[in-house]
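Biologist: Before we settle on any wording for this model, could you take me through what each structural term rests on?

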Amino acid sequence: MKIMDPRDEVIGFGPGDTVAVLTRQPVNRLLDYRIPEGGGQTGCFVEVPLGPRTVTGVIWGPGQGQFDRSKLRAIKRILDVPPMRAEMMQFLSRASEYTVSPLNSMVALATRVQGLGDLPKFRQVYVAGEGRPSRMTPARQRVLDIFRGQPDAEFSLGDLVDEARVSASVIKGLADQNCIIRAQRPWYEPFPTLDLERPGPELTAQQLQAAEHVKGLLRRGEHKACLLKGVTGSGKTAVYLDAVRACLKGGRQALVMLPEIALTEEFLNRVSERFGVTPAVWHSSVSSRERRRCWRMAAENRAQLVVGARSALFLPFADLGIIVVDEEHDSSFKQEEGVLYNARDMAVLRASICRAVALLVSATPSLESWANWKSGKYSGVNLPKRFGAATLPELRAIDLCQEGLDPGHWISPSLAEEVESSLKQGKQALLFLNRRGYAPVTICRACGHQIGCEQCDARLVLHQMRRLLMCHQCGETRAVPTVCTNCGAPDKLAAIGPGVERLAEEAFDRFPDARLTVFSSDLAQSGLDIQNRIREISDGKVDIVIGTQMVAKGHHFPLLRTVGVIDADLGLRGGDLRAAERTFQLIHQVSGRAGRDGTRGVSLVQTHQPGHPVIRAILSGDGEAFRRTEADLRKAAGAPPFGRFAAAILSGADLGPVNRVAQELARNAGILRKGKIELFGPAPAPIARVRGRYRVRFLAKSAKGIPIQEKLQQWRDSVKVPSGIRMQIDVDPQSFL
């Protein structure tokens, strides 16, 4: 059902008026309710009765008038939070249409805070008082000592209980005697004001030119996307922070989106150095209280700058002036569960609606952004040289067909020699392999059985350090068996192929005196653990880093001289549309970690295909030539960014009903053909079963200028999908698994 697009103006409603409410619940239509005493307006967050439950929703506009007004139920409560702005409502509506997703699901993304309207406006804290206790005890003394050491500090009851190791009654007793004083503080405190006059780093001529281009867009109010392209180490962050400063000086807000939580602390330290304080932060590891605070302060224009993951795009900014998408090419910006959207593309959409600049930043831009720059749809600036005395690393290939490896080994003699050279110079080395765990396959040498996941069509990956087998599709784990689960043969199970843990094992043997660390998401206990590892590497407490793609993204390791790419061919297997592009980006990014302190680094790329076009492009360093060649191939095939793709994925616990729905959809392909859209499929997905659900895929293809969403929705709605089957449409898919 098509839901009306909100108007720009705010509409007020009086008591008893009928309004249309959009809830977060899976009800793909507006529901009419009566306004309570006190009135309301479009965008107000409300609690309404829905069946026996009370649910949260948003007043979307005037009532639809399709029901007997005398039978309408009243809104229970209008929440005491800033109403959703008209531009946010427009953004959610257009994002819903683009992604072919229910609008209620978009509203859920925009209200991802618990207890939105339930918290009090004030919280109680304790500060130092002037009274003296009638009787001193060791417990009371510990509390008073805390305030004596920090006379201007304020503490919550819980903080004092934990720090002084006392009961709450001790603290309350001291407060009753005015030894400490209860005070009221706002529950939601504004974030500290950034010091916009604080001197920043001196920019080079090329950085100044790039920053001026972006600031010019801000001054002129040009609401188009801009690509900031620059080689690794060229100082792109300094450029866009200068643009953020200009935006904030104009009184508007800024959002910087990062692809990985692991990058957050390092980036926050840079922001703190630049502006004197830490900005608001939004990602999944932030506490519920801080998320509520960030949400509300963004809505009240009391959070100048927010740094966050892709979901930060749905925060209710009061006046958003610039959106920075750092590492815009990164696949982490694509949401692959629930609502399927690319945060990079949605950032461009939101910026166009709220009259902001969308700044896309990358050393290896996506072909989509690069093509938009070349066509003039996006503006763009380039930083072709590294900052200061730093130079780009030397790139060399190691031909594994010529330089053989001993069985069970993956570090070639040439790479080992280069690592030794770096260690002797007091420098660091990074061995890169984009495969988690110890080995991707565990096989029985007696019967040939490969241990797989019971819920997915995927092999279990051996994680030796944790002594378990894990499915990287659903997360299922099990203990490593001592006998074959198929034939029962003992002592016949063998690990095949390398992961980072196995590579670390080899590195320990080859470089016994070196300090090693493994940098992989599955080995990190928490975000804090990741940050501690990054700090150890930056501080020179590690000699050899062994890592997956986590280590390739945006980190600054000043002592890193040598990078060894263990298996450059890994990403080129499988025939994925974006395999060449992703391989180029990943190896270019990880190679760029080397030589950032002025000492020229070296990156050695181990490959069996030194003549492959992607490997040649990496070694030449000519990214423009690679993108032109890749663009020509995509254009000839009518593939993105020169054509449109959309995937439809059916899944269910039983394959029979899934196939029946798929065949019915295939028979209705004429709906798409009328819109000049080709349909391929149905076919089993490459990973045909995930989490116990069988998966069947379609692929729709059209010319670039054709609006495929409306036809896709008609095609989807032409079939009644049973309750046990899920159908998802993925516009502009990034993954074809």
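Modeller: Gladly, with the reminder that this is a predicted model; a place to start is leucine 227, which stands opposite glycine 380 in E18.

Biologist: What is the order of the strands in the open sheet?

Modeller: The seven strands follow the order E12-E13-E11-E14-E17-E10-E18, with parallel pairing. Strand E12 (280-282) and strand E18 (379-383) stand at the edges, because each has a single partner strand and one side of each is left without a neighbour in the sheet. From one strand to the next, the twist averages 20°.

Biologist: Why do you say that the buried residues of H17 line one face of the helix?

Modeller: Buried means under 20% relative accessible area, and the residues of H17 in that class are Gly623, Glu624, Phe626, Arg627, Glu630, Ala631 and Arg634. Seen down the axis of H17, these buried residues fall within an arc of 150°, so they line one face. On the other side of H17, Asp632, Leu633 and Ala636 are exposed, a class that requires over 50%.

Biologist: Which elements do the buried residues of H17 pack against?

Modeller: They pack against strand E10 (225-230), helix H11 (367-374), helix H15 (579-591) and helix H16 (613-620).

Notes
Residues numbered from 1 in each chain as written. Predicted model: local features only at pLDDT ≥ 70, side-chain atom pairs only at ≥ 80, totals over all residues. Heavy atoms only, no water. Buried < 20%, exposed > 50% of the residue type's maximum accessible area, 1.4 Å probe, protein only. Helix = DSSP H or I, 4+ residues; strand = E, 2+ residues; numbered from the N terminus. Arc of directions from axis to C-beta. Contact = heavy atoms within 4.5 Å. Pairing = 2+ DSSP bridges. Axes fitted to C-alpha atoms, helices over the stretch in contact; angles between N-to-C directions.
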